[in-house]
Amino acid sequence: MLKVSDYFRKWSIPSRIAGSILYKTRDQYCRTAGAEVEGYNEPSVNSHVNGEYAKINWDVLGFGLIPTDYMYIMNCSKDQHFSQGTLTPFGKIEVNPSSGILNYGQGLFEGLKAHRTANGRILLFRPEENAMRMKVGAKRMCMQAPTVEQFVNAVKQTVHSNKRWVPPPGKGAMYIRPLLMGSGPVLGVAPASEYTFITYASPVGNYHKGVLNLIVEEKFRRAIPGGTGGVKAVTNYAIIYKPIAEAKAKGFTDVLFLNAEKYIEEVSTTNIFLVKGNEILTPPTSGTILPGITRKSIIEITHVLGYQITSTRWYELEQTTSTRCYELEEITSTRYLLIVKERAIPVGELFDAEEVFCTGTAVGVNSVNSITYQDTRIAYKRGAGTVGQKLYEMLTGIQTGRIEDKMGWTVELD
């Protein structure tokens, strides 16, 4: 394991529906995900603890569902607490036709990853943050939510029971999907009478294949003030299918959404950052933008460490006027100020940015190759030596155990 001191001379720590019935076979799922499963056998009770890997071609993982062995389920009635959950083989579930999730979209989900380290440990990344975000979303959607402890326990049990599906180091990660849904029957427009919490998992590779080329969406909106854009509601996602499909038909990878005043908000499933001179900019999460956990982590890393790096090492940071403002000295003794800002970003500032990168659980930190706005294509720096690349290396280093976790973000699976 590398220590942070290998990168830094000084370190200081500051005090984002399983309810629908599953119809596909396992082989169909695996073909959809772009991975080949060879000779699948039903798991034995010890298959997740004896160190074996699932028989899968880890070199061709995409981002799609590959059914694993088990899922975790909890239930509760309205105004009650969730009961003790249980592990059950992954498969179909029964859903009432008049359930809140099917009729009115009363549901939330989260996404987080487990990584296998070079020495065989399995690390979760900030699961309590996902738990707390689900609680905030549940309040907005008038739903019962599991406690933070129940949420984290469900994630741990799901990963542990599916350990053989956690990819080898450097081959991908296990994506965990906690889902909270109104499962009780309801006919009138009202909260459901019962709630179900399900956690399942799948091995995944990269979310985007190839370079990231975005187009600014001017007709459709992802969210509106007072809506649910700031929580991870299931209803937020189907509405972006059409603009994404139209963008891909034109040869773009994804869509960058604006608000009604032409300020930058989000890419379809990720937060966005711009690098301009000595500033790293990102829109504030003020109700229409999801407060991403990867976003939060990148901001915290940047606040402590700054971003400038040479080809071999980071250099010392000295705090100046606030936790968001640092002075940095390179080996050349050139001094300058780095400022991290969360503020409204007019779309016109895309033309001035030197770099743009996206953050999210699925994508990690992904540098943008180009953005097209009103038929004008703007290209950005990417690759070795860029801010986005160095932040990616630091974040993934912590997530995979290559860099010592001084932030206390990773949770090791027992």
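Residues are numbered from 1 along each chain as its sequence is written, and side-chain values use heavy atoms, with hydrogens and water left out. Because the model is predicted, local features need pLDDT of at least 70 and side-chain atom pairs count only at pLDDT 80 or more, while totals for chains, interfaces and linings use all residues.

**View 1. Helix 8, residues 387-399, is mostly covered.** Helices (H or I, at least four residues) and strands (E, at least two) are DSSP runs, numbered from the N terminus. With 13 residues, helix 8 reaches 18 Å from its first C-alpha to its last, close to the 18 Å expected at 1.5 Å a residue (the expected span is 1.5 Å times one less than the number of residues). After the helix comes Gly-401, whose phi is positive, near 80°.

**View 2. Leu-391 sits in helix 8.** Is Leu-391 buried or exposed? Leu-391 counts as buried because its relative accessibility is 0%. Leaving out residues up to four places away in sequence, Leu-391 touches Ile-298, Ile-301, Thr-302 and Phe-357 (contact means heavy atoms within 4.5 Å). Look for Ile-301 in particular: it is 90 residues from Leu-391 along the chain, yet their C-alpha atoms are separated by 8.0 Å.

**View 3. The second largest pocket holds about 930 Å³ of space.** Of the 42 residues that line this pocket, Lys-113, Asn-206, Val-363, Tyr-392 and Thr-396 are the closest to its centre. Which element gives the largest share of the lining? Helix 8 does, with five residues. Strand 4 (112-116), helix 7 (293-305) and strand 17 (364-373) each supply at least two. By class, the lining has 14 nonpolar, 22 polar and six charged residues (Ala, Val, Leu, Ile, Met, Phe, Trp, Tyr, Cys and Pro count as nonpolar, Asp, Glu, Lys and Arg as charged, and the others, Gly among them, as polar). On a 1 Å grid over the protein atoms alone, a pocket is an open set of points where a 1.4 Å probe fits, with protein on both sides within 12 Å along at least five of seven lines; lining residues have an atom within 4 Å of a point. Grid points are joined across faces, edges and corners, and the volume is the space filled by probe spheres set on them.

**View 4. Thr-253 lies in the loop between helix 6 (241-249) and strand 9 (254-258).** Thr-253 counts as buried because its relative accessibility is 16%. A polar atom of its side chain lies 3.3 Å from the backbone oxygen of Val-211. Beyond its neighbours within four places in sequence, Thr-253 is in contact with His-208, Val-211, Leu-212, Asn-213 and Lys-248.

**View 5. Arg-126 and Lys-262 have positive phi values.** Most residues other than glycine have a negative phi. Arg-126, in the loop between strand 5 (122-125) and helix 3 (127-140), has a phi near 50°. Lys-262, in the loop between strand 9 and strand 10 (264-267), has a phi near 70°. Arg-126 counts as buried at 5% relative accessibility, whereas Lys-262 is partly exposed at 31%.

Conventions. Buried means under 20% relative accessible area, exposed over 50%, partly exposed in between (1.4 Å probe, protein chains only). A polar contact is a pair of N or O atoms within 3.5 Å; within protein, one must be able to donate a hydrogen and the other to accept it, and residues adjacent in sequence count only if both atoms are side-chain atoms.
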